[in-house]
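Subject: Structure for your review

Dear colleague,

My notes on what was found in it follow directly after.

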Amino acid sequence: MRQGTGGSSHPSSQRSCWCLPLPKLGWELWELQLLSSPLTSPLLVSSQVTVSKMSLWSIVSHMPPEEFSGLFTEFPHSLRCLLADWLENQPWEFINGSDAFFTSVASRMLSAMLEKLHSAASSDGQQCQILQQVSSIEKTYQQDPLRLVAILRAILEGEKAAVIKRDRHLPLSFHRRQEELKFSLGLQRLQHRVREIQALRDGPTAALLLNPRDPQLKTETKPPESELPTLILEAVKELEAAKQQVLKRIQIWKRQQQLAGNGAVFEESLAPLQKRCESLVEVHFQLHQQVMAASAELGPELLPRLLERFNEVLSSLVKSSFLVEKQPPQVLKTQTKFQASVRFLLGPQLLKVSSKPYMVRADMVTEKQARELTLSAYSNTLSESTGEIMHNMVALETNPTSGTCCANFKNVLLKKIKRCERKGSESVTEEKCAVLFSTTVALTPGNLSVHLQVLSLPIVVIVHGNQDNNAKATVLWDNAFSETDRVPFVVAEQVPWEKMCDTLNLKFMAEVQTTKGLLKEHYFFLAQKIFNDNSAKFEDFQNRRVSWAQFNKEILPGRGFTFWQWFDGVLDLTKRCLKNYWSDRLISGFISKQYVCKLLSTEPDGTFLLRFSDSEIGGVTIAHVIRGKDGSSQVENIQPFSAKDLSIRSLGDRIRDLGQLRNLYPNIPKDQAFGSHYNKEQTGKDVRGYVSAAIKMTVESERDQQPPTTAGGTPEAPPAHVFGQPMLQPNLQHLDNMHSVLNPVCPPAPFCPQPIPTGYPTGESNMMVPDNLRPSFPSTSPMLSLSLITDPALPPCSDLPAFRNPLPFMPNQYMPGEAPQLLSGGPLPEPQDEEMPETMAEPAPFPSIVDPLLQSSQRWMPPSSLELPPGSDFDQFLQETLGAPALCPPFTPPQQHSGYPSTNLSCWGMGESQWDDSVRPGHA
């Protein structure tokens with residue numbers, strides 16, 4: 001579910017606070033950023049490894065000292081340098097009172113600082129001068145440590161302001177450390193409150209012994225009974241504040257876990273959170289015990305109210321500490337096993353020992369059911385599960401060694417799902433649900449029975465593999481732009497383009513597993529693509545908002561796919577084949593063909609660059625400049641290489657094969673740029689005595705394809721390649737040799753292939769060749785040169801049954817026994833919500849459109865072949881899939897030229913190879 005496009009006052013609807021001057025300097029900024037913004041700082045994404053250890057001092061120490069000269073009038077700058085990052089790891093900012101507790105803390109911090117300075121002075125060359133300064137500090141602030149706290153707090157505030165002025169943000173680790181310091185100090189204050197209440201109940205003398213510096217106790221004239229309720233109320237108020245801080249920290253952990261689904265760095269350990277919860281619950285019980293002991297002094301009106309507040313604190317901590325430690329897959333396919341685990345942070349401390357283990361149940365719930373549970377604060381129980389989950393009951397076990405209480409679901413399987421009614425044009429891959437984990441436990445003390453429930457992150461359930469791409473888009477959008485404490489699973493319909501850039505960059509770096517993210521020019525190209533606006537400047541896109549429809553519902557103009565489908569294809573290609581090239585910044589990547597022509601038109605002959613194909617999903621192409629004798633330049637784009645192509649011959653080796661490629665733009669010799677990516681060529685014979693074979697790539701440029709003209713004549717049209725396949729070029733000197741090569745392929749006759757539609761680039765066709773047309777001997781290439789097959793000197797072959805079929809073999813047709821593949825581009829209509837198991841049953845018969853001799857076997861189906869449902873479901877699947885107009889485009893005559901120079905792979909030497917060219921990714 002998505003929110004409307006109206007304005008929102010929530011921080012997440014505004015521009016990321018990392019990119020603006022920040023009004024807050026304290027730890028609250030860290031909370032605000034993680035709870036409201038979809039991502040961490042884009043400036044930090046590219047250096048995630050070092051950000052977690054970065055301190056404020058590591059930045060300040062590299063800044064000009066003149067910027068901080070006004071801060072060190074009462075505290076020497078040399079001592080600040082000796083203290084380094086120790087200073088920022090103390091709670092100076094949170095000592096904001098002057099009572100006995102804060103005075104005691106300030107005195108301890110002064111002693112710790114003096115000890116630190118003495119230790120640092122022993123290793124410094126100016127030891128005498130430093131010791132004199134330390135002695136002066138000790139004499140000045142020994143009697144008034146709170147004054148020193150105020151001075152050091154002002155120094156840190158000034159340093160933070162200077163860093164923000166320059167960088168617009170502080171290290172994320174600094175904010176986290178400040179939050180930890182605040183909670184630790186608050187917990188110490190609560191423990192001090194408990195001791196104060198105990199001392200006050202024991203009498204004024206005991207209270208004076210506890211707080212010898214408190215002047216109020218020395219002149220106390222009121223009886224202890226009147227002071228006790230006030231002290232208890234203050235303690236309960238501080239307990240509730242500490243509880244809110246723990247709950248907020250749990251929310252931040254959940255938000256980080258969700259962002260990790262898009263690739264963000266995530267510290268998964270729950271041990272620090274568990275320690276917080278246990279410490280606070282322990283203080284809770286101590287304070288509760290003191291309140292019960294002072295029930296007579298509190299009276300019949302105040303005591304019930306206090307007990308109710310105590311119960312609310314404990315209930316909130318207990319219910320919030322039941323967490324999903326390991327989330328189920330957010331794109332979940334039916335009939336597929338998955339794992340998940342839940343953890344009860346307070347289980348080892350509070351769970352009562354039972355003769356029977358506590359069981360945790362997992363149920364699938366719809367968005368509507370999740371919303372009802374959330375609005376009822378999980379007080380209601382689930383009435384009906386929306387899906388059938390196998391092995392959904394697991395024991396909640398406590399491990400005394402590790403001190404954890406977990407339930408691990410190891411072999412869970414979603415057997416089927418019941419869909420709810422969808423609104424408007426919403427597809428099944430936009431429908432979100434979740435797994436509800438629930439249990440009922442008994443807690444100590446008091447044998448209190450508590451029902452615990454927790455929802456997983458949103459899940460998109462699919463029943464077919466080719467729903468995965470659109471389902472991932474739904475999950476990516478929800479993870480990036482959802483808000484904490486939202487109504488499940490509401491997410492904004494439109495988001496700022498700047499935040500979308502951060503999301504794409506984070507996803508790209510995580511999927512490719514590289515530290516080199518997207519650049520400014522890449523964002524500019526992506527903005528032009530998603531907004532379909534080539535006239536705007538880079539700055540014009542900064543204030544625009546991108547909608548979900550633009551992201552993955554609307555087809556890109558002139559294409560057959562959405563923006564996300566295209567971007568996901570680039571992700572897959574780069575992850576599988578181009579990771580090292582991208583990490584070495586050898587691929588320009590996200591750049592338009594028009595801008596490439598502008599860049600290369602003025603460059604020397606042979607200058608080239610690599611970019612992702614704009615018209616194909618999952619393709620990378622080489623653009624290079626050719627200069628004629630008259631000095632004119634022409635930029636040519638070699639037909640894109642898919643992951644299948646690059647698995648046959650790597651990108652580096654293809655670039656080495658092409659002699660016309662000389663310098664990588666702007667002016668880097670190609671051997672210098674790609675030399676480390678070349679594979680060593682095998683020469684001679686292998687251990688079995690076979691001569692090594694090598695595949696080489698050639699490109700026939702557009703200029704080379706223009707034949708000479710005769711006077712008054714017209715140029716002869718270039719012959720079409722057979723299936724557009726790479727060609728074998730054997731050295732045949734006699735016609736007998738030709739017969740020996742051709743006879744296993746077909747009886748003597750000229751082979752006249754049918755024209756092929758231009759749904760594919762002409763260089764390497766994706767058409768599958770049946771086994772009965774393959775040579776019976778091991779061949780070094782799947783196809784022979786057209787000049788050999790169509791040689792008029794060869795005897796006719798008119799009786800070959802395989803070529804009697806008058807129908808041409810078209811890419812948009814399918815073979816019996818295989819699922820239809822859409823080859824001419826265009827978005828695939830999603831399969832209807834039918835159960836489609838992994839194993840394929842015998843399909844129902846349907847009319848064949850190919851000669852029986854062209855029947856294909858299961859063993860040469862492409863890896864991306866569709867998984868088909870059994871029995872009658874298969875007939876419905878064919879009717880729903882083949883009945884769509886987009887799956888049966890009208891056949892159009894082929895064009896003479898695809899716009900890309902043809903590429904040929906030639907096999908040199910006599911070796912053994914097998915070609916298995918399946919459907920190009922992105923067209924199926």
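Does Asp 653 count as buried or exposed at its relative accessibility? Asp 653 counts as buried, at 4% relative accessibility. Please bear in mind, here and throughout, that this is a predicted model.

Asp 653 and Glu 681

Asp 653 belongs to helix α24, which covers residues 651-657. Leaving aside residues up to four places away in sequence, Asp 653 touches His 677, Tyr 678 and Asn 679. Glu 681 is found in the loop that runs between α25 (670-674) and β20 (694-700). With a relative accessible area of 27%, Glu 681 is partly exposed. Its contacts, again not counting residues up to four places away in sequence, are Arg 649, Arg 656, Ala 694 and Lys 696. Glu 681 and Ser 692 are 11 residues apart in sequence, and their C-alpha atoms are 9.1 Å apart in space.

The chain as a whole

The protein chain has 924 residues, of which 49% are buried. Its secondary structure comes to 28 helices and 21 strands. Among contacts between residues at least 6 apart in sequence, 75% join residues at least 24 apart.

Cysteines

A search of the whole structure finds 0 disulfides. A disulfide is a covalent bond between the sulfur atoms of two cysteines. For Cys 406, the closest cysteine sulfur is that of Cys 405, and the distance of 6.7 Å is too far for a bond; the cut-off applied is 2.5 Å. Cys 406 is buried, at 13% relative accessibility. Cys 433 is buried as well, with a relative accessible area of 6%.

Helix α21

Two packed helices are described by the angle between their axes and the distance between the axes. For α21 and helix α17 (residues 468-481), the angle is about 100 degrees and the axes are 10 Å apart. The two helices α17 and α21 are therefore roughly perpendicular to each other. On the α17 side, the contact is made by Asn 469, Asn 470, Lys 472, Ala 473 and Leu 476, and on the α21 side by Trp 564, Gln 565 and Asp 568.

Helix α8

Helix α8 (residues 145-167) has 23 residues, which should span 33 Å at 1.5 Å a residue; its end C-alpha atoms are 33 Å apart, in agreement with that value. The buried residues of α8 include Leu 148, Leu 152, Ile 155, Glu 159 and Lys 160. An α-helix has 3.6 residues a turn, so residues three or four places apart point the same way. The buried residues of α8 pack against α4 (56-60), α5 (77-83), α6 (100-121), α7 (127-141) and α9 (172-202). Arg 168 follows α8 and has a positive phi, near 70 degrees.

Yours sincerely

Methods:
Residues numbered from 1 in each chain as written. Predicted model: local features only at pLDDT ≥ 70, side-chain atom pairs only at ≥ 80, totals over all residues. Heavy atoms only, no water. Buried < 20%, exposed > 50% of the residue type's maximum accessible area, 1.4 Å probe, protein only. Axes fitted to C-alpha atoms, helices over the stretch in contact; angles between N-to-C directions. Helix = DSSP H or I, 4+ residues; strand = E, 2+ residues; numbered from the N terminus. Parallel < 35°, antiparallel > 145°, perpendicular 65-115°, else oblique. Contact = heavy atoms within 4.5 Å. Expected span 1.5 Å × (residues − 1).
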